[in-house]
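Please look over the sequence and the model below. The report that follows is meant for a first reading.

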Amino acid sequence: RALVSLVADFPQVNARYDDEASVLRTYEGLHVGIATQTPGGLMVPVVHHVESLGLFECAGELARVTKAAREGKATRDELTGSTITLTSLGALGGVSATPVINYPEVAIIGPNKLVERPVVVNGQVTIRTMMNLSASFDHRIVDGYDAARFIQALKRLIEQPALLFMDRA
């Protein structure tokens, strides 16, 4: 849901680039690929038109397409058309990664495992649950400054999910 709220401000991350034709295509619809380990290797089933789904509908569709991929039952439509991919090594205990862009997309986002870490808050050491957020961008398309702004905006929404439900005006 955080991605849905950000793609209007960062349309260049919700895009695909055709190297041969030198054509960039941005999308109004958000079609999120979910990197999924299957018995046959990594597959990327797609949740299409995430912008039209509520939070629980999105979670249900994500569970459905990843299950279909793991069981070898995903259709061609369920495995094509992603405009940005989510990946994570968190289930394996990964706290940092360098995700590889799912070509022809231009961005991939990788939330990692939640871990407890000591942090200093108001001069006091306390334990907080923390998570690294990894990402890779095609810098021919997404300027480094814009990529950093996007990640900071995503971080803010993940840290303060109530913002997802506030009017953006």
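Asp138 is buried, with a relative accessible area of 13%. In this predicted model, buried means a value under 20%. Asp138 sits in the loop between β11 and α3. Its side chain makes a polar contact of 2.7 Å with the side chain of Arg140. Leaving aside residues up to four places away in sequence, Asp138 touches Ile101 and Val106.

**Helix α3**

The N-terminal end of α3 is capped by Asp143. A side-chain oxygen of Asp143 lies 2.9 Å from the backbone nitrogen of Tyr145.

Which residues of α3 are buried? They are Ala147, Phe150, Ile151, Ala153, Leu154 and Leu157. These residues cover an arc of only 160° around the axis, so they lie on the same side of α3. The face turned away from that buried side carries Tyr145 and Glu159, which are exposed. What covers the buried residues of α3 includes α1 (2-6), β8 (107-111) and β11 (133-137).

**Aromatic pairs**

How many aromatic pairs does a search of the whole structure find? It finds 2. The table lists their geometry.

| Ring pair | Distance between centres | Angle between planes | Type |
|---|---|---|---|
| Phe10 and Phe150 | 5.4 Å | 75° | edge-to-face |
| Phe137 and Phe150 | 6.2 Å | 85° | edge-to-face |

Why is the pair of Phe10 and Phe150 edge-to-face? Its planes stand at 75°, and over 60 degrees counts as edge-to-face. This pair links distant parts of the chain, 140 residues apart. Phe10 is in the loop between α1 and β1 (15-18), while Phe150 is in helix α3. Phe10 counts as buried at 5% relative accessibility. Phe150 is buried too, with a relative accessible area of 0%.

In the pair of Phe137 and Phe150, the planes are at 85°, so this pair is edge-to-face. Phe137 lies in strand β11 and Phe150 in helix α3, so the pair ties together parts that are 13 residues apart in sequence. Both Phe137 and Phe150 are buried. Ring pairs link Phe10, Phe137 and Phe150 into a cluster.

**Strand β9 and Val121**

Is Val121 buried or partly exposed? Val121 is partly exposed, because its relative accessible area is 27%. This residue is found in strand β9, residues 115-121. Val121 touches Thr126 and Arg128, not counting residues up to four places away in sequence. Val121 and Ile34 are 35 Å apart in space, C-alpha to C-alpha. In sequence, 87 residues separate Val121 and Ile34.

**The whole chain**

The protein chain has 3 helices and 11 strands. Read along the sequence, their pattern is α-β-β-β-β-β-β-α-β-β-β-β-β-α.

The C-alpha atoms fill a box of roughly 55 × 35 × 30 Å, taken along the principal axes. A compact globule of 169 residues would have a radius of gyration near 15 Å. The protein chain has 17 Å, which agrees.

Of the 169 residues, 37% count as buried. Among contacts between residues at least 6 apart in sequence, 51% join residues at least 24 apart.

How values were computed:
Residues are numbered from 1 along each chain as its sequence is written. This is a predicted model: local features need pLDDT of at least 70, side-chain atom pairs count only at pLDDT 80 or more; totals for chains, interfaces and linings use all residues. Side-chain values use heavy atoms; hydrogens and water are left out. Buried means under 20% relative accessible area, exposed over 50%, partly exposed in between (1.4 Å probe, protein chains only). Helices (H or I, at least four residues) and strands (E, at least two) are DSSP runs, numbered from the N terminus. The arc is that of the directions from the helix axis to the C-beta atoms. Contact means heavy atoms within 4.5 Å. A polar contact is a pair of N or O atoms within 3.5 Å; within protein, one must be able to donate a hydrogen and the other to accept it, and residues adjacent in sequence count only if both atoms are side-chain atoms. Rings of Phe, Tyr and Trp (its six-membered ring) pair if their centres lie within 6.5 Å; planes under 30 degrees apart count as stacked, over 60 as edge-to-face and the rest as tilted. The radius of gyration is taken over C-alpha atoms; the globule rule is 2.2 Å times the number of residues to the power 0.38.
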